[in-house]
Amino acid sequence: MARRVRGYVTTSTNPVYKAHNSSEKATSSERKALATLGRRGGKTAAKRWQDPNSDYAQAQRQKLAAANKQRERKGELLETRVKMHILDARAQGLAAPTTKELASECGVSVARIKQVRKAFGMSAGRGRPKKG
């Protein structure tokens, strides 16, 4: 195994190995690849997951289910906040807040606001925002 992995690393496109002398040092990521593949941790974890009804597997699934439920609630809350801001502006007769404004107000990325708007069918104005 180690010889094969060493072969992968030494035949990489890294210019260090293109030199005539292969005794040059490997990069940190290459050393990490060699170290990780040589560990027993992966084998032990694979054994733990072989029996899906084991205590370990069930405990891990419970943790994952709880984390996913929490993530789902946060997503619902964000969707509600975005919708509230947009509808509040419409009710006051103002222009809907821009995606950038919503992102900064809700503390999330612009891409996430775009996802939420798309899910609701509430698209923002096309093109760049007007200055002034």
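User: Is the crossing of α5 and α6 left-handed or right-handed?
Analyst: This is a predicted model, where local features need pLDDT of at least 70, side-chain atom pairs count only at pLDDT 80 or more, and totals for chains, interfaces and linings use all residues. Residues are numbered from 1 along each chain as its sequence is written, and side-chain values use heavy atoms, leaving out hydrogens and water. A crossing is left-handed if the near helix is turned anticlockwise from the far one by less than a right angle, and right-handed if clockwise. For α5 and α6, the crossing is right-handed.

User: Which residues of α5 and α6 make the contact?
Analyst: Contact here means heavy atoms within 4.5 Å. From α5 come L78, R81, V82, H85 and I86. The α6 side gives L102, E105 and C106.

User: At what angle do helix α5 and helix α6 pack?
Analyst: Helix α5 covers residues 55–91 and helix α6 residues 99–106, and their axes (lines fitted to C-alpha atoms, over the stretch in contact) lie 11 Å apart. Angles run from 0 to 180 degrees between N-to-C directions. The value for this pair is about 130 degrees.

User: How many helices and strands are in the protein chain?
Analyst: Both are DSSP runs, numbered from the N terminus: helices are H or I, at least four residues, and strands are E, at least two. The elements run α-α-α-α-α-α-α from the N terminus on. That's 7 helices and 0 strands.
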